[in-house]
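Subject: Structure handover

Hello,

Here is the structure I said I would pass on. Please open it alongside this email; my notes follow below.

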Amino acid sequence: MSNKAMMEVMTAATQLQAKYKKIPKLDLKTKRVEISWLLDELNRDSKASFIKERSNRDEILLEIIDSLVSWLNDIWVVVYEHNVNFSLAHACLLFTSDILDQLSESSAFGGCKCPLNNIPVHIHIKDKTKRTIIQLSTIGLERIHRVLLWIWRDLFVSLFAKGNERERKKVPDMLEDIESTLGVDALENLLRGGNSDDEDFDPDDEGDYDDELEDEHASDDGTCSGDELELDYESDGSNYSLCGCRFHASYWPERLNRERITLRASVEERLFKTFTTTPSLRTYNNLMGISQDVIETELRLAQILSENAGSTRETLIAALNIHITNGDQDEVALLLKQYSYLLRPRDCTTLQLAVAILEDAHHHIQSLSTLEKELEDSMRAIYATVGSCFSHIEEDRNKKELLAILKLPSGSSARKERMESWSEQVATTSAMHPMAFAAAMIGLPMMPGMDEGEDADLLHFVDLDPSDPDLDDLREEYRPNLKGRFDGWVQLAQAIKGGNVMLAKLYLKAVELMPWLRGADAVAELMNRLRERPNKNHVVEALSNFSAFGKTQRKKLNLARAEQQRRTAKAQTSSGAANGGSKSASSPGSCSTSPPPPVVAHTFPETGGALSFTFGPPPVHGPAPPPLPFPFVRGGMEDVD
């Protein structure tokens, strides 16, 4: 090799060394050890504070946040200004996000999030010339994730612009890591630099983006008011105008700005994969929010839904929610016809929305049939739950005793005493839980809830985290929302044409199935028995709500019957006057009689005829009375309260 060639090689090596000499070092291993030690110190301090009555919690927490925040500037400089170590920077951002999540879930705070929500956070991202690119001053840890997504966006556009092919192939895996760590919404927010669709960085509390990285392209004060401004950029000898959307930053040069299209396509493809495996309304909205061709995206999503809607309960719920949001009545009706068997009682909210949207002339019959079925299922669910708590309530001797009690005057002492005795007889005798029996045998005290039978909810486990979706199946078994489900269907029936008739029929069926519903004191006595068992509060709420429903329906039936009697009496009076005039004008032999119209009666056999009553046309001759204002059904019930 000639001396000239050797000098050229040495010069190139020297230039590369000088170029990368000032690159910040991202030592993930050392940072992990540092933060782990601080977290351990935080846990030790929380234990020692009970004895020493003093704590260094705030100081340790502030040190952890400062260590992470100062690291973010180095990560951004490495990927955006030096365009190296993209995979390592991605791992550092994931580690930072994981530490923030650990702090939010740490037991060192005793379940109180006030220290985290009140800690001051100051983030300053500066370039190699020490010029501020972004500034964030806020309270709490929530918005730090937005800065992480902002750095991730610059990482990806720099990778697409300056990275090699091997690094570009890692982008789908990186996006999957972000989705699994921060959720599916993070991918859409990443495209907007950490902002959601309806928010942006507020200059009053978070600072502003700088206009340009190059001094000659910066504004007079070194900052800009946001990405919404239309600014002219000059880079590589060409001019272009930056649009007013938030999918790119105001300081990007033209080469990076072009890569926003590549990044958007990568995010969109990742969201499509997520939607194919686990469709949801949220992912659907994310895809529609970032799509450049809304019609094509909507058609592709509709095709995925049509293929996967009937696969599982979750996919059906997602498909129904999406079609309900879009107002696709035909699709909703088709899904309910084909896959309604997949729905569970806890999906009643989605099903109620579907029934409401089908309430028109075209799908009215399907809407009413679904409403009638769900009303009866909700009523029978309450009946079954009450039966499990009072296993002797269906015995013949207890039924006869209840009917005899209901015939007694309301409020009398005899009725009250016999009602208390009846409620004690029908109650389920609770056997000792096996764990409680074992504890008693070895002399250990019983834990709360162990003496309530094998189906008892030990230690109220399902109430530990009400927002945990993993406990939904247990809640449906131990804490079914009987009140909310039944009340939702009743309210929907009151708003739908023909729903009031269904409610009246439902009440009559309920009274036949549960005769104790006719006595308010009987329901109250059952509720008092259930209040002694803390894990049966949901049954108490359902019974209280169901009793109120019964009172409302009894009142409506009594008003309707009184109105019918009034109209019948009025019709008899007018008919008698008309018959008197006709008799004076005609001979006695010319009067012809006709048999009275048929009478429709409803009698409860178990009452011995005491509560029988009749709904039918009045036994008079002449014009029929005007129709009732309340839609009447066969049968009814006296208010014996």
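First, a term: helices (H or I, at least four residues) and strands (E, at least two) are DSSP runs, numbered from the N terminus. This is a predicted model, in which local features need pLDDT of at least 70, side-chain atom pairs count only at pLDDT 80 or more, and totals for chains, interfaces and linings use all residues. Residues are numbered from 1 along each chain as its sequence is written, and side-chain values use heavy atoms, with hydrogens and water left out.

**Overview**

The protein has 25 helices and six strands. Buried residues make up 44% of its 641 residues. Buried means under 20% relative accessible area, exposed means over 50%, and partly exposed is in between (1.4 Å probe, protein chains only). A contact means heavy atoms within 4.5 Å. Among contacts with a separation of 6 or more, 65% join residues 24 or more positions apart.

**His 90**

Start with helix H4 (residues 86-105), where His 90 lies. His 90 counts as buried because its relative accessible area is 5%. Its side chain makes a polar contact with the side chain of Trp 152, at 2.9 Å. A polar contact is a pair of N or O atoms within 3.5 Å; within protein, one must be able to donate a hydrogen and the other to accept it, and residues adjacent in sequence count only if both atoms are side-chain atoms. Leaving out residues up to four places away in sequence, His 90 touches Trp 152, Leu 155, Met 174, Asp 177 and Ile 178.

**Two positive phi angles**

Asn 83 is not a glycine, yet has a positive phi of about 55°. It sits in the loop between helix H3 (57-81) and H4. With a relative accessible area of 17%, Asn 83 is buried.

Lys 130 is not a glycine either, and has a positive phi of about 65°. Look for Lys 130 in the loop between strand S1 (120-126) and strand S2 (132-139). Lys 130 is exposed, at 66% relative accessibility.

Helix H13 covers residues 294-308. Its 15 residues, at 1.5 Å a residue, should span 21 Å, and its end C-alpha atoms are 21 Å apart, so the two agree. The expected span is 1.5 Å times one less than the number of residues. Thr 297, Leu 301, Ile 304, Leu 305 and Asn 308 are the buried residues of H13. They lie on the same side of H13 because they cover an arc of only 100° around the axis. The arc is that of the directions from the helix axis to the C-beta atoms. On the other side of H13, the exposed residues are Ile 295, Glu 296, Leu 299, Ser 306 and Glu 307. The cover over the buried residues of H13 includes helix H11 (254-277), helix H12 (281-290) and helix H14 (313-326).

Helix H18 (residues 396-406) has Asn 398, Leu 402, Leu 403, Ile 405 and Leu 406 buried. Their arc around the axis is only 160°, so they are on the same side of H18. Asp 396, Arg 397 and Lys 400 are exposed on the other side of H18. H19 and helix H24 (520-531) are among what covers the buried residues of H18.

**Thr 428**

Thr 428 is in the loop between helix H19 (413-426) and helix H20 (434-441). At 29% relative accessibility, Thr 428 is partly exposed. Its C-alpha atom is 6.8 Å from that of His 392, 36 residues apart along the chain. Not counting residues up to four places away in sequence, Thr 428 touches Ser 388, Cys 389, Phe 390 and Ser 391.

**Largest pocket**

The largest pocket has a volume of about 820 Å³. Of the 27 residues lining it, the closest to its centre are Arg 313, Arg 346, Asp 347, Asp 472 and Arg 475. A pocket is an open set of points on a 1 Å grid over the protein atoms alone, with protein on both sides within 12 Å along at least five of seven lines; lining residues have an atom within 4 Å of a point. Grid points are joined across faces, edges and corners, and a volume is the space filled by probe spheres set on the points. The largest share of this lining, four residues, comes from H21.

Best wishes

Definitions and conventions: 1 Å grid on protein atoms, 1.4 Å probe; cavity = no way out; pocket = protein on both sides within 12 Å on 5 of 7 lines; lining within 4 Å.
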